[in-house]
Amino acid sequence: MDNFTIEIDGDGIALVTFDVPGRSMNIITSSVQRDLDELVIRLSGDPAIRGAVLRSGKASGFCAGADLNEMLDDIERWRAARTQEELRDGVADAAGLSRRIRALETCGKPVAAVVDGLALGGGLELVLGCHYRIAADKADLHIAFPEAGIGLLPGAGGTQRLPRLAGLAASVPYLLDCKPIALADAVAAGVFHAALPAERLLEAARGWILGGGNAVAPWDDKGFKVPGNGPHSPAGYNQFGLAMAARLADGKTPWTGNILKCLYEGLQVPIDAGLRIESRYFFNTARSREAAEHIAAFLASRASRAKPAAGVSADKATS
Amino acid sequence: MAEAYIYDAVRTPRGRGRPDGALHEITALSLAVQTLQALRDRNSLDTAQVDDVILGCVMPVGEQGSDIARIAALVAGYSQDVPGLQINRFCASGLEACNIAAAKVIAGEARFAIGGGVESMSRVPLAADGGAMLVDPSFAYDHYYAPQGIGADMIATMDGFTREDVDGYAVQSQRRAAKAWEEGRFSKSVIPVLDQSGVVRLAHDEHMRPGTDVQSLGALKPAFAKMGEAGYDAAAHARYPGLGPINHVHHGGNSSGIVDGASTVLIGSKEAGDAAGLKPRARFRCGVSIGSEPTIMLTGPEFVTRKALQRVGMALSDIDLFELNEAFAAVVLRYQHVLDIDPEKLNVNGGAIAMGHPLGATGAMILGTVLDELERTGKGTALVNLCVGAGMGTAAIIERV
């Protein structure tokens, strides 16, 4: 693996360090995706491993999200799809990270994520695929889903796991408006199980595994219910319907509509079906003319500023 | 093709649709059963001659679920050969049920067919049936959904109806309804609702506030301003970019009341009536429905009226009485305005603002109301219609024989 190192201690806890070589910031490249396959095989197959702690090797934070330059190539390919077979292949391709995060979540070993800096977009989705999540108790921790800001949607489980933790209505501003998730709110919503001083994170994560950390996500438990219930509930009608209408003030966009559809349709079915639905809408969104224009405009403005904007999931972002 | 005739129409009084309403302790099934029994008993009807019972019901869940029309026919003691069909055309369901019943007679599929509706809004609340319209982004976002109250306020805004205009209309509805009750104009069709022991529970519309005036209505706060501000005005503006600020004028006092009630109308062919020894009261000229722009939702009456008139080759001037469900005051004011209808011909005995709108039942109620009024005044032709959720309209034209 080029992007992850594994050290196994005497308790059988694998310390997995995420460190993309040659970058100041972790981003999710195709190479990282391939490594995730290997990592999951190792964690689930190695009897010496009891559980894992996933952390970043970068001082800059956990992970800034997808590699947008790579994604532009993907999008070009996806946009060309016409036949049934091409569409199926395109969706499968677009679902790559989602499928890998789901594999990690169901690998059978408890996995803890330790976040001591920014976690954005796909990086945050990777964190949400871990069973236990703790963050450094610092003011500048940057947690957000910036996808909608560049014409995309969180396509690796973000639209499914966040509302299954925080509830439907509470998730809307984070997913649609890219509102940063304040640490206290993230803890209250269950995005993080705890916020601790940075130096205590690793020990706490180890302690969770040693204490019998549960390797089953809450939504894989029978009888799981979305907090506050799904769209077909009084709260759904009152809050989700209203939130949706309010977004029309800025005009309709494919990503807003499709994020809403991921939420509405995905929360009425089990998680795996929800993830598949999300992948289809991610594919549709990424293929839209509007998304291509948005991403291109974003990359152009980033190039012209020479310095990346804070909080966007992109190559060489430093925040 | 055969003609369809109306032989009789009955309805319950409307109880306030709240836990303290008189009909709250009476099931929706019982309301429907009592109107079916009244229709049978008043006409000494051999129910084996009835080929369908079609009831509108807009919240067909809970006790109103599982095809309440069939269950009501059985419980009413109708022949087990009589099938039942529950339908939903939102607020026009009761009229649509009559239109379907008439169509079955005209097609020769039914000798007698009963149309009507039932809704216990105190027991099965609004939105109990959920639906994609409210929250599925494929409709609500992509097609700019806004609730009806917003649509009504949009109409007031677009057509320039002021708060005084809509409140003034509401007062007129109250006065007309009160006068109609005083003069016994409804007595032919309203049957008392009996309780479990057979004691009269309610014999009179319970929702009316005859003392209402524009001043007292003026104290009521707009009901839809808050939800508009919180999001739904944005949907309206996205659909109508030039609309400008929405004037939120509607409230509980100038909108249809939430009530419980049921209604049934006996429709049949001439032959069926002759065989049963019944005299037809009116001929069904046509029953039509249309779709209209769904965000504003409530402009259907204009278009369905035009379609109905065209269907039978009539002009507005051929209609002696118009009945338009008083969903919201602006809906009626717009109708009156765009079709230039004489206010003295429209909703002459008041409407749902005063007496309430038991969703699934109203259409058949106002069909009966206008038939009574045609007979009382010796007039000939009436057009009944309702605005309908998701942008639709349903109408019928009847003619006395």
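Biologist: Which residues does Gly368(B) touch, not counting residues up to four places away in sequence?

Modeller: Gly368(B) touches Ala9(B), Arg11(B) and Ser189(B). Contact means heavy atoms within 4.5 Å. This is a predicted model, where local features need pLDDT of at least 70, side-chain atom pairs count only at pLDDT 80 or more, and totals for chains, interfaces and linings use all residues. Residues are numbered from 1 along each chain as its sequence is written, chains are lettered from A and ligands numbered from 1 in the order in which they are written, and side-chain values use heavy atoms, with hydrogens and water left out.

Biologist: Why is Gly368(B) called buried?

Modeller: Buried means under 20% relative accessible area, exposed over 50%, partly exposed in between (1.4 Å probe, protein chains only). Gly368(B) has 3%, so Gly368(B) counts as buried. Gly368(B) lies in helix H14 (residues 362-377) of chain B. Helices (H or I, at least four residues) and strands (E, at least two) are DSSP runs, numbered from the N terminus.

Biologist: What makes His207(B) buried?

Modeller: The relative accessible area of His207(B) is 17%. That is under 20%, so His207(B) is buried. His207(B) sits in the loop between strand E7 (200-202) and helix H8 (214-218) of chain B.

Biologist: What does the side chain of His207(B) reach at 2.9 Å?

Modeller: The side chain of His207(B) reaches the backbone oxygen of Ala354(B). Residues touched by His207(B) include Arg14(B), Gly257(B) and Met355(B).

Biologist: Why are H1(A) and H4(A) called roughly parallel?

Modeller: Two packed helices are described by the angle between their axes and the distance between the axes. Axes are lines fitted to C-alpha atoms, for helices over the stretch in contact, and angles run from 0 to 180 degrees between N-to-C directions. Helix H1 (residues 30-45) and helix H4 (residues 96-105) of chain A cross at roughly 15 degrees, their axes coming within 9 Å. Angles under 35 degrees count as roughly parallel, over 145 as roughly antiparallel, 65 to 115 as roughly perpendicular and the rest as oblique. H1(A) and H4(A) are therefore roughly parallel.

Biologist: How do you know that H2(A) is roughly antiparallel to H13(A)?

Modeller: The axes of helix H2 (residues 68-79) and helix H13 (residues 289-305) of chain A come within 11 Å and cross at roughly 155 degrees. That angle is over 145, so H2(A) is roughly antiparallel to H13(A).

Technical notes
A polar contact is a pair of N or O atoms within 3.5 Å; within protein, one must be able to donate a hydrogen and the other to accept it, and residues adjacent in sequence count only if both atoms are side-chain atoms.
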